[in-house]
Amino acid sequence: MDAEGGFEMAEFQEGTLDTMMERLCSSISGFDPEWVTRCVPATEEQIRQLQDILVEYNYTMPAAYLYYLKRMGQDDGDLLEKEDGCEVDIGMVLELLSGRKDSSARKDLKNGLFLFSDNYWTQTRLYMKLSAADDNPMVTNIQNTYIAESFEKYLFRKAFYMYKGEFTYRGLTSDSVCKRHKKKKIEDCRTCPYCGDTVEERMDFIHQMAETYGLKKAWFSDQSHFICYNASYAFEINVYRGYSVDFSCNDDKLWTQVRYSLGLFPEFFAYLSSYGN
């Protein structure tokens with residue numbers, strides 16, 4: 001741990017798709033060296049069975065998912081399972097797809113939705129939106145609700161959540177400066193989060209604040225998730241249904257200050273910008 005209460009910063013490196021798993025494993029191993037030893041790849045036979053099923057519906061396996069299966073298809077060390085309690089191992093996927101032709105998973109696949117994550121108890125299912133030309137497909141749910149721009153970004157976002165879990169303090173809020181007041185008109189509320197009625201407007205607002213105060217988003221941010229991190233703190237702002245801020249840090253002074261400004265813009269960005277300078 002360093003003098004400011006941080007620790008060795010994770011390096012979530014961007015690169016070509018064929019290096020995705022190498023980069024992912026290197027990133028997580030930087031703060032959790034034992035994690036990679038818990039990962040178990042899918043067998044060649046399991047991968048072949050899944051490829052054969054996809055071919056029945058005129059799809060090929062997306063390259064990003066194939067790389068994932070070859071590295072950790074049977075057990076990904078809780079990368080995708082831990083937070084949501086979903087099963088993601090290839091055995092579960094094959095079980096759901098190898099049954100009756102009229103099963104829900106097969107019907108979804110016929111419509112281009114490939115089920116790769118399932119929680120039986122909560123009925124939470126995540127899909128990849130398949131297309132012939134996409135090796136790194138969007139992640140969605142059965143209601144076609146946007147989850148992640150690509151499977152690669154979904155993996156790295158989950159790795160980022162693991163990194164955030166290493167910090168001492170964590171705060172989550174969906175509050176806004178206008179929560180207890182009547183919504184104002186945009187022209188009367190230039191810095192209020194509620195001035196954005198759409199995901200695009202809200203994300204534009206966050207981008208403007210971040211640019212103003214010199215905070216750079218991580219490459220695996222997407223159209224509804226703004227992610228920023230360093231050795232001292234890590235945070236995510238989700239604008240899909242309003243504004244949700246999830247912040248983590250080690251330094252007690254930083255935590256004392258920031259915990260009261262979560263969701264307050266531009267105060268939140270202003271303090272982080274000045275921290276350590």
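This is a predicted model: local features need pLDDT of at least 70, side-chain atom pairs count only at pLDDT 80 or more; totals for chains, interfaces and linings use all residues.
Biologist: Okay. How many bridges join β9 to β10, and which way do they run?

Modeller: Six bridges, and the two strands run antiparallel. Strand β9 covers residues 233–238 and strand β10 covers residues 244–249.

Biologist: What sheet do they belong to, and what's the strand order?

Modeller: An open sheet of four strands, ordered β7-β10-β9-β8, with antiparallel pairing. At the edges you find β7 (169–173) and β8 (225–229), each of which pairs on one side only.

Biologist: How much are neighbouring strands turned against each other there?

Modeller: By 5 degrees on average, ignoring direction.

Biologist: And which strands does helix α8 touch?

Modeller: Helix α8 (residues 199–212) packs on that sheet and touches β8 and β9. The direction of α8 makes about 25 degrees with that of β8.

Biologist: What about α10, where does that one lie?

Modeller: Across β9 and β10. Helix α10 spans residues 267–274 and runs at about 155 degrees to β9.

Biologist: Let me zoom out. How many helices and strands does the chain have?

Modeller: There are 10 helices and 10 strands. The chain has 277 residues, and 53% of them are buried.

Biologist: What share of the contacts comes from residues 24 or more positions apart?

Modeller: 57%, counting contacts in the chain with a separation of 6 or more.

Biologist: And what does the accessible surface come to?

Modeller: About 14,000 Å², with 47% of that belonging to carbon and sulfur atoms.

Biologist: Now the inside. Which residues have the most contacts in the largest nonpolar core?

Modeller: F12, L50, Y65 and F114, in a core of 61 residues. Helix α7 (residues 151–164) gives this core its largest share, nine residues. There's also a second, separate core of 27 residues, which includes I206, C228, V245 and W255.

Biologist: Back to Y65, what does it touch?

Modeller: Leaving out residues up to four places away in sequence, Y65 touches L50, V93, F114, F116, M128 and F151.

Biologist: Switching to the other sheet: what's the order of the strands from β3 to β6?

Modeller: It goes β3-β4-β5-β6, an open sheet of four strands with antiparallel pairing. The edge strands are β3 (113–119) and β6 (146–148), and each pairs on one side only. The twist from one strand to the next averages 35 degrees.

Biologist: How many bridges join β4 to β5?

Modeller: Three, and those strands run antiparallel. As for a particular pair, Y127 has T140 in β5 as its bridge partner.

Biologist: I was eyeing N136. Where does it lie?

Modeller: In the loop between β4 (124–129) and β5 (139–141).

Biologist: Why does N136 count as buried?

Modeller: Because its relative accessible area is 18%, and buried means under 20%.

Biologist: Which side chain does N136 make a polar contact with?

Modeller: The side chain of S150, at 3.5 Å. The N136 side chain also reaches the backbone nitrogen of F151, at 3.4 Å.

Biologist: What else is N136 in contact with?

Modeller: Setting aside neighbours within four places in sequence, N136 is in contact with L17, A64 and E152, along with S150 and F151.

Notes
Residues are numbered from 1 along each chain as its sequence is written. Side-chain values use heavy atoms; hydrogens and water are left out. Buried means under 20% relative accessible area, exposed over 50%, partly exposed in between (1.4 Å probe, protein chains only). Contact means heavy atoms within 4.5 Å. Accessible areas come from the Shrake-Rupley method with a 1.4 Å probe; for residues, only the protein chains shown count as cover. A polar contact is a pair of N or O atoms within 3.5 Å; within protein, one must be able to donate a hydrogen and the other to accept it, and residues adjacent in sequence count only if both atoms are side-chain atoms. Two strands pair if DSSP finds at least two bridges between them. Axes are lines fitted to C-alpha atoms, for helices over the stretch in contact, and angles run from 0 to 180 degrees between N-to-C directions. A nonpolar core is a set of buried Ala, Val, Leu, Ile, Met, Phe, Trp, Tyr and Cys residues joined through side-chain atoms within 4.5 Å.
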